[in-house]
Amino acid sequence: MSDFNMDPGFFGAMGELPLFFKLFMGTVFILVVGGFLHVIVRGLWVWSKNNASDLVTTVATVRDKRIHVWGGSGESSANTEHYVTFEMDDQSRIELPVREDKYGLIVVGDRGELTHQGTRFKEFHRSIQS
(Lines give C-alpha, C1' and ligand atoms only; values in the text may rest on other atoms or scores of the structure.)
Protein backbone atom coordinates (compact mmCIF):
# COMPACT_ATOMS: atom_id res chain seq x y z
CA MET A 1 0.00 0.00 0.00
CA SER A 2 1.49 3.31 1.11
CA ASP A 3 4.65 4.05 3.05
CA PHE A 4 3.07 7.28 4.42
CA ASN A 5 4.03 7.79 8.09
CA MET A 6 0.90 8.06 10.28
CA ASP A 7 2.86 9.36 13.30
CA PRO A 8 1.05 12.46 14.64
CA GLY A 9 4.43 14.08 15.35
CA PHE A 10 4.77 17.53 16.93
CA PHE A 11 1.19 18.67 16.35
CA GLY A 12 -0.43 15.60 17.88
CA ALA A 13 -3.63 14.06 16.61
CA MET A 14 -5.52 15.95 13.89
CA GLY A 15 -2.85 18.71 13.65
CA GLU A 16 -3.70 20.17 17.04
CA LEU A 17 -1.18 22.51 18.72
CA PRO A 18 0.39 21.51 22.06
CA LEU A 19 -1.14 23.02 25.20
CA PHE A 20 1.93 25.23 25.87
CA PHE A 21 1.52 27.02 22.53
CA LYS A 22 -2.21 27.50 23.06
CA LEU A 23 -1.59 29.07 26.47
CA PHE A 24 1.31 31.21 25.23
CA MET A 25 -0.56 32.55 22.20
CA GLY A 26 -3.69 33.12 24.31
CA THR A 27 -1.66 35.15 26.80
CA VAL A 28 -0.05 37.23 24.04
CA PHE A 29 -3.46 37.86 22.46
CA ILE A 30 -4.96 38.96 25.79
CA LEU A 31 -2.01 41.30 26.50
CA VAL A 32 -2.18 42.93 23.05
CA VAL A 33 -5.96 43.39 23.12
CA GLY A 34 -5.78 44.56 26.76
CA GLY A 35 -3.13 47.14 25.83
CA PHE A 36 -5.29 48.53 23.02
CA LEU A 37 -8.34 48.67 25.29
CA HIS A 38 -6.32 50.43 28.02
CA VAL A 39 -5.15 53.14 25.60
CA ILE A 40 -8.66 53.66 24.22
CA VAL A 41 -10.34 53.80 27.66
CA ARG A 42 -7.68 56.14 29.07
CA GLY A 43 -8.00 58.47 26.06
CA LEU A 44 -11.78 58.60 26.42
CA TRP A 45 -11.44 59.22 30.17
CA VAL A 46 -9.07 62.19 29.66
CA TRP A 47 -11.26 63.57 26.86
CA SER A 48 -14.44 63.40 28.98
CA LYS A 49 -12.65 64.83 32.04
CA ASN A 50 -11.45 67.81 29.96
CA ASN A 51 -14.95 68.34 28.55
CA ALA A 52 -16.39 68.34 32.08
CA SER A 53 -13.78 70.87 33.31
CA ASP A 54 -14.53 74.56 33.49
CA LEU A 55 -12.99 76.93 30.97
CA VAL A 56 -10.45 78.82 33.12
CA THR A 57 -8.81 82.15 32.27
CA THR A 58 -6.05 83.31 34.61
CA VAL A 59 -2.98 85.52 34.62
CA ALA A 60 0.12 83.41 34.11
CA THR A 61 3.82 83.63 33.28
CA VAL A 62 5.56 81.29 30.84
CA ARG A 63 8.25 79.46 32.83
CA ASP A 64 9.50 76.82 30.38
CA LYS A 65 9.04 75.30 26.95
CA ARG A 66 10.01 71.83 25.76
CA ILE A 67 9.68 69.59 22.75
CA HIS A 68 9.30 65.81 22.83
CA VAL A 69 10.34 64.03 19.62
CA TRP A 70 9.66 60.31 19.19
CA GLY A 71 9.70 57.76 16.39
CA GLY A 72 11.42 58.42 13.11
CA SER A 73 13.41 55.26 12.56
CA GLY A 74 13.60 53.48 9.23
CA GLU A 75 10.72 54.41 6.94
CA SER A 76 8.58 56.12 9.61
CA SER A 77 8.51 59.86 10.21
CA ALA A 78 9.25 61.50 13.56
CA ASN A 79 6.47 62.89 15.76
CA THR A 80 6.94 66.14 17.67
CA GLU A 81 4.93 67.27 20.69
CA HIS A 82 5.23 70.82 22.09
CA TYR A 83 4.70 71.68 25.76
CA VAL A 84 4.64 74.99 27.67
CA THR A 85 4.81 75.36 31.46
CA PHE A 86 2.77 78.24 32.88
CA GLU A 87 3.02 79.61 36.43
CA MET A 88 -0.02 81.30 37.96
CA ASP A 89 0.08 84.11 40.55
CA ASP A 90 -0.49 81.60 43.38
CA GLN A 91 2.83 79.88 42.39
CA SER A 92 1.05 76.78 41.01
CA ARG A 93 2.27 75.46 37.67
CA ILE A 94 0.65 73.61 34.80
CA GLU A 95 2.28 72.08 31.74
CA LEU A 96 0.03 71.99 28.69
CA PRO A 97 0.48 70.50 25.23
CA VAL A 98 0.42 73.32 22.67
CA ARG A 99 0.02 73.26 18.88
CA GLU A 100 3.18 74.05 16.92
CA ASP A 101 1.85 77.34 15.50
CA LYS A 102 1.04 78.63 19.02
CA TYR A 103 4.29 77.26 20.49
CA GLY A 104 6.41 79.45 18.22
CA LEU A 105 4.62 82.61 19.37
CA ILE A 106 5.16 81.98 23.09
CA VAL A 107 8.45 83.06 24.72
CA VAL A 108 9.77 82.07 28.15
CA GLY A 109 9.13 85.01 30.48
CA ASP A 110 5.96 86.17 28.69
CA ARG A 111 3.14 87.23 31.00
CA GLY A 112 -0.49 87.30 29.99
CA GLU A 113 -3.87 85.62 30.14
CA LEU A 114 -3.91 81.84 29.87
CA THR A 115 -7.13 80.07 28.93
CA HIS A 116 -7.34 76.30 29.37
CA GLN A 117 -9.93 73.59 29.96
CA GLY A 118 -8.52 70.81 32.12
CA THR A 119 -5.31 69.73 30.36
CA ARG A 120 -6.45 71.26 27.06
CA PHE A 121 -4.68 74.51 26.05
CA LYS A 122 -7.05 77.06 24.50
CA GLU A 123 -5.09 80.31 24.14
CA PHE A 124 -2.52 82.64 25.62
CA HIS A 125 -2.74 86.42 25.18
CA ARG A 126 0.53 88.12 26.00
CA SER A 127 0.23 91.44 27.81
CA ILE A 128 2.37 94.26 26.51
CA GLN A 129 4.75 95.50 29.18
CA SER A 130 6.53 98.83 29.02
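Me: How much space lies in the largest pocket?
Reply: About 150 Å³. The model is a predicted one.

Me: What makes a residue part of the lining of this pocket?
Reply: A lining residue has an atom within 4 Å of a pocket point. K102, L105, I106, F121, E123, F124, H125 and R126 line the largest pocket.

Me: Which strand gives the most to that lining?
Reply: Strand β5, residues 120-126, with 5 residues.

Me: How do the lining residues divide into nonpolar, polar and charged?
Reply: The lining has 4 nonpolar, 1 polar and 3 charged residues. Leu, Ile and Phe count as nonpolar, and Glu, Lys and Arg as charged. L105 and F121 are among the lining residues, so they belong to the nonpolar group.

Me: What makes β4 and β5 a pair?
Reply: Pairing needs at least two bridges between the strands. There are 6 bridges joining β4 to β5, so they pair by that definition. The two strands run antiparallel.

Me: What do β4 and β5 form, and what is found in the turn?
Reply: They form a hairpin with 2 residues between them. G118, in the turn, has a positive phi of about 65°.

Me: How do you know that β1 pairs with β4?
Reply: The cut-off is at least two bridges. Strand β1, residues 55-71, has 7 bridges with β4, so they count as paired. Their sense is antiparallel. A60 stands opposite G112 in β4.

Methods:
Residues are numbered from 1 along each chain as its sequence is written. This is a predicted model: local features need pLDDT of at least 70, side-chain atom pairs count only at pLDDT 80 or more; totals for chains, interfaces and linings use all residues. Side-chain values use heavy atoms; hydrogens and water are left out. On a 1 Å grid over the protein atoms alone, a cavity is a set of points where a 1.4 Å probe fits but cannot get out, and a pocket is an open set with protein on both sides within 12 Å along at least five of seven lines; lining residues have an atom within 4 Å of a point. Grid points are joined across faces, edges and corners, and a volume is the space filled by probe spheres set on the points. Helices (H or I, at least four residues) and strands (E, at least two) are DSSP runs, numbered from the N terminus.
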